[in-house]
Amino acid sequence: MRHWNKKLEKSLEEEFNRLEAASRDVIPPSAPPGEFENIMAEMERRGIEPRIRKELRKRK
């Protein structure tokens, strides 16, 4: 069983390293202008309060 776990761990490590190397050169596209504001407006319309605001209120 230990041998299988080490073999699986090694293959996962290799896969992670391969994906990390492949993703280094990828530049994510920027969000369309006003996208954040649209999301915040929709959340407000639905009555959803962003989690960070709740956490900040609890700390005060």
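Guide: Buried means under 20% relative accessible area, exposed over 50%, partly exposed in between (1.4 Å probe, protein chains only). This is a predicted model, where local features need pLDDT of at least 70. Residues are numbered from 1 along each chain as its sequence is written.

Visitor: Is Leu12 buried or exposed?
Guide: Leu12 sits in helix α1, residues 2-23. Its relative accessible area is 52%, so Leu12 counts as exposed.

Visitor: What pattern does the protein chain follow along the sequence?
Guide: The protein chain has three helices and zero strands. Helices (H or I, at least four residues) and strands (E, at least two) are DSSP runs, numbered from the N terminus. Read in sequence order, the pattern is α-α-α.

Visitor: How far apart are the end C-alpha atoms of helix α2?
Guide: Helix α2 covers residues 35-46, 12 residues in total. At 1.5 Å a residue (times one less than the number of residues), the helix should span 16 Å. The model agrees with that, because the end C-alpha atoms are apart by 17 Å.

Visitor: Which residue follows α2?
Guide: The residue after α2 has a positive phi, near 80°. That residue is Gly47.

Visitor: Which element of the protein chain has the lowest mean pLDDT?
Guide: pLDDT is the predictor's confidence in each residue, from 0 to 100. The protein chain averages 85, and 85% of its residues reach 70 or more. Among its elements, α2 has the highest mean, 92. The lowest, 69, belongs to residues 51-59, helix α3.

Note on methods
Predicted model: local features only at pLDDT ≥ 70, side-chain atom pairs only at ≥ 80, totals over all residues. Heavy atoms only, no water.
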